[in-house]
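Subject: Structure for your review

Dear colleague,

I am handing over the structure below, and after it I set out what was found. Please read the notes with the model open beside you.

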Amino acid sequence: MTQAEIKLCSLLLQEHFGEIVEKIGVHLIRTGCQPLRVIAHDTETSLDQVKKALCVLIQHNLVIYQVHKRGVVEYEAQCSRMLRMLRYPRYIYTAKTLYNDTGELIVEELLLNGKMTMSAVVKKVADRLTETMEDGKTMDYTEVSNTFVRLADTHFVQRCPIVSATETAEPTPPPPAPTLVINEKDMYLVPKLSLIGKGKRRRSSDEDAAGEPKAKRAKHIESKEPIPDDGIYWQANLDRFHQHFRDQAIVSAVANRMDQTSSEIVRTMLRMSEITTPSCAPFTHPLSSNEIFRSLPVGYNVSKQVLDQYLTLLADDPLEFVGKSGDSGGGMYVINLHKALASLATATLESVVQERFGSRCARIFRLVLQKKHLEQKQVEDFAMIPAKEAKDMLYKMLSENFISLQEIPKTPDHAPSRTFYLYTVTVLSAARMLLHRCYKASSR
């Protein structure tokens, strides 16, 4: 990890969990896998505080553990997960957009607590919604529960791994650390709960008429009631949110490139594939023209013939967002997700170059991107820019790492007079450089 990323992780941990958790988390980022006693010794923190800090980090999926061959449990920081805390507000806003205030509060509670049972989430959200309602109105548990089921059906929330059944059944001494497993089929299976009740408002007084403290009374009542889904914990599926952001970006790009109807067709294809296609897959599953036609939004006046024309137009577009994979079912079509993401990254780089260096630099950047490799004289001729200005612009972008210079010698001695100097754009390295600058800016 770069220093900017470590600093940003440190600031995020301190803001969310305090100084002790931040110290333990940053130590694990810098050192890698470490056992408990080594962490306590190196950070000069008491064993009890280290245990509590690790519990917090594990609860929020920011640290994982594994049993070493010698039986020692080692802990490892999840840096990418820590950086995702920057996007918590966006996850919550997305849930609000898709599932109203109830979905927003469900995702917010899961992000704030890391892992929770469904019954605990439903009761907490119902109480919070009741607090915002007018006097005399309450939120029913059933309504919150239905929204939770919808979030699970669309994979925005998922079950957490649980302790293996064999470990709990065996009478032998327990292992140094439990092995957590999850069946992929059960990951989004919501338990059948009969949650009956309504949200409650907090009383202005901490004591009731009998004089018993409120906290003790609540604890006393909860201890009598068995938890219906004890042991089944849920967490927010951040990869699913990122998949949604990606799909929205692709739809927006198609709308800007072509028109609203084309973007609606692509949106329908993505919506049909959002659960069946893994977030890291290069293509969506093939969809027939007939399936797409049947899945278009109700009231969207597009005939089958017009749909086929649009699909052909999308498949023939140079951006290659949509590809044709067969002729059965009126034609089989896929969305090339990797190609779409690469095009979006390239467009972002072009936009940054134009903002920082001006339109003429952007012209040179697009030219080098299109031609792959160009000498300085070729850049001047193709871009129709005077030699002195073109040289200045190329060196300016070269110094900022937006373009790179590749040397191809004619002879083994690498003599400058017998060497080709070609300018090229490496999109991946330029995108990483831009991402690093974003981390640097966020940590200031």
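I begin with Q243: leaving aside its neighbours within four places in sequence, this residue is in contact (heavy atoms within 4.5 Å) with S273, E274, T277 and S279. Q243 belongs to helix 11, residues 238-257, where helices are DSSP runs of H or I with at least four residues, strands are DSSP runs of E with at least two, and both are numbered from the N terminus. With a relative accessibility of 6%, Q243 counts as buried; buried means under 20% relative accessible area, exposed means over 50%, and partly exposed lies in between, with a 1.4 Å probe and protein chains only.

Before going further, please note that this is a predicted model, in which local features need pLDDT of at least 70 and side-chain atom pairs count only at pLDDT 80 or more, while totals for chains, interfaces and linings use all residues. Residues are numbered from 1 along each chain as its sequence is written, and side-chain values use heavy atoms, with hydrogens and water left out.

As for the chain as a whole, it contains 19 helices and 13 strands, and its C-alpha trace spans about 90 × 65 × 50 Å along the principal axes. Of its 444 residues, 40% count as buried. The chain exposes about 25,300 Å², of which carbon and sulfur atoms supply 53%; these accessible areas come from the Shrake-Rupley method with a 1.4 Å probe, and for residues only the protein chains shown count as cover. Among contacts between residues at least 6 apart in sequence, 60% join residues at least 24 apart.

Another buried residue is E264, which is placed in helix 12, residues 260-273, and has a relative accessibility of 13%. Not counting residues up to four places away in sequence, E264 touches P297 and Y300.

Next come the helix pairs, for which axes are lines fitted to C-alpha atoms, for helices over the stretch in contact, and angles run from 0 to 180 degrees between N-to-C directions. Angles under 35 degrees count as roughly parallel, over 145 as roughly antiparallel, 65 to 115 as roughly perpendicular, and the rest as oblique.

Helix 19 (residues 427-442) packs with helix 1 (residues 3-17) at an angle of about 40°, their axes being 8 Å apart, and these two helices are therefore oblique to each other. The crossing of helix 1 and helix 19 is left-handed, a term used when the near helix is turned anticlockwise from the far one by less than a right angle, with right-handed used if the turn is clockwise. On the helix 1 side A4, E5 and L8 take part, and they meet H436, Y439, K440 and S442 of helix 19. The residues of this contact divide into three nonpolar, two polar and two charged, where Ala, Val, Leu, Ile, Met, Phe, Trp, Tyr, Cys and Pro count as nonpolar, Asp, Glu, Lys and Arg as charged, and the others, Gly among them, as polar.

Helix 19 also meets helix 15 (residues 337-357), and here the axes come within 10 Å and cross at roughly 60°, which makes helix 15 oblique to helix 19. This crossing is left-handed. T346, T348, L349, V352 and R356 of helix 15 make the contact with V427, A430, A431, L434 and R437 of helix 19, and these residues comprise six nonpolar, two polar and two charged.

For helix 2 (residues 19-31) and helix 3 (residues 36-43), the axes come within 11 Å and cross at roughly 110°, and the two are therefore roughly perpendicular to each other. K23, I24, H27 and L28 of helix 2 meet I39, D42 and T43 of helix 3, a contact with three nonpolar, two polar and two charged residues.

Finally, two loop residues may be worth a look with the backbone displayed. Most residues other than glycine have a negative phi. K372, in the loop between helix 16 (359-371) and helix 17 (376-383), has a positive phi near 75° and is exposed, with a relative accessible area of 54%. M384, in the loop between helix 17 and helix 18 (387-399), has a positive phi of about 55° and is exposed at 68%.

With kind regards
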